[in-house]
Amino acid sequence: MNPEDQVDTGAAKALNLTDAELLNILREGAEEVFMMLGAVGELVDENHGAEDHAASQAAALADIAYEVMVEFSGPKDGVVVMRCQESCANNITRGMLSMEECEPVAQSEIHDALGECTNMLGGFFKRQALDPRGSFRLGIPKIAEYVAAESAVVQGSLIYELSDSRASVEVWLDEQAQ
Amino acid sequence: MTKLMIVDDSSTMRKIIMRVLRQAEISVDAILEAGNGIEALEQLASNSDIGIILSDVNMPEMDGLELVKKVRETHNSEQLPIIMVTTEGGEAMREQAISEGANGYVCKPFTPDTVSAALQPFIK
């Protein structure tokens, strides 16, 4: 979906951002992080938090193995989330650690690598989207915890394909913040 | 030539910084690692020839800002430059780091050029 074609949601407006602006910030952050990993991510799906988001994402990103989130708090609370498939997590970790394709990857290395990726995405989002709008704090990356899932609403998500496996980058806002 | 210390609680990030230093062709004598401010001070106590520190801000035990404060009790910014490397790139955090005695600031994600530009003025 072309961001310019989207109708702005009340959700994105909670941060005084248009949906297109929010998705652009997510995209720039993801691409900077991928570039640092020496990886090229192809954008295969994007969504600005429409009601059919769950169905759309489920179709584009199946078999999620890891979910990492960094909470932000301030005038609005929410999380920046990265989810990925098993092979994508392995690829990202090997890329970050400059490992050969045949080298086994330890679970602790995957957790550390995905945590750093999400931390950088959260930092980029904070600098570009949050800092101009108030005083915000970032939390520590948490792996595989759905702490905000029941009380938060997806504001935007991008799904990337890296070497035949997929990962999503998302922003959720606490619905009480909207 | 310079001995450099990387301070970050993420071993992945320490490896990434080492790779970026190679890509940026930054030549140092040796690279030491520490996982937080306390470990960094211990390294500094036993390696008095460390010439530059690259430090994360958010770390357990002792964070990067506290590390800068402690180091500045014994080394001024010319004797031992400290470059902060962090996701926390807001202006307030940047000003706080500089006022505590940091010499520079690099935001993650970074490129070899960014790291090189921050380090080159201090590489002897």
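Predicted model: local features only at pLDDT ≥ 70, side-chain atom pairs only at ≥ 80, totals over all residues.

Author: The following account begins with the contact between the chains and then turns to the pocket and to some local features.

The contact draws 20 residues from chain A and 17 residues from chain B. Between them the two chains bury about 1600 Å², with 53% of this area on carbon and sulfur atoms. On the chain A side, the three residues Met36(A), Glu116(A) and Arg127(A) provide 36% of the area buried against chain B, more than any other three residues.

One of these residues, Glu116(A), also takes part in a salt bridge: its side chain meets that of Lys108(B), with an N to O distance of 3.7 Å. The distance falls within the 4 Å limit for such a pair, and therefore the contact counts as a salt bridge. Across the interface of chain A and chain B, the count is 1 salt bridge. Polar contacts between the two chains number 7 residue pairs, both partners being at pLDDT 80 or more.

As to secondary structure, the side of chain A that touches chain B receives at least two residues from each of α2 (19–37), α4 (86–97) and α5 (107–130) of chain A. Of the elements of chain A, α5(A) gives the most to this side, with 9 residues. By residue class, the side of chain A that touches chain B consists of 9 nonpolar, 4 polar and 7 charged residues.

Pro109(B) itself is placed in the loop between β5 (104–107) and α5 (112–119) of chain B.

Two or more lining residues come from each of α5 and β4 (137–138) of chain A and α4 (91–100) of chain B. The lining divides into 10 nonpolar, 12 polar and 11 charged residues.

Two further local features complete the account. Over all chains, the structure holds 10 salt bridges. One within chain A joins the side chains of Arg83(A) and Glu67(A), at 3.4 Å from N to O. This pair links distant parts of the chain, since Arg83(A) belongs to strand β3 (residues 78–85) and Glu67(A) to strand β2 (residues 64–73), 16 residues apart. In chain B, Glu25(B) has a positive phi, near 55 degrees, although the residue is not glycine. Glu25(B) is found in the loop between α1 (11–23) and β2 (30–34) of chain B.

Methods:
Residues numbered from 1 in each chain as written. Chains lettered and ligands numbered in written order. Heavy atoms only, no water. Contact = heavy atoms within 4.5 Å. Buried area = accessible area lost by both parts, 1.4 Å probe. Polar contact = N/O pair within 3.5 Å; in protein donor to acceptor, adjacent residues only side chain to side chain. Helix = DSSP H or I, 4+ residues; strand = E, 2+ residues; numbered from the N terminus. Nonpolar A, V, L, I, M, F, W, Y, C, P; charged D, E, K, R; others polar.
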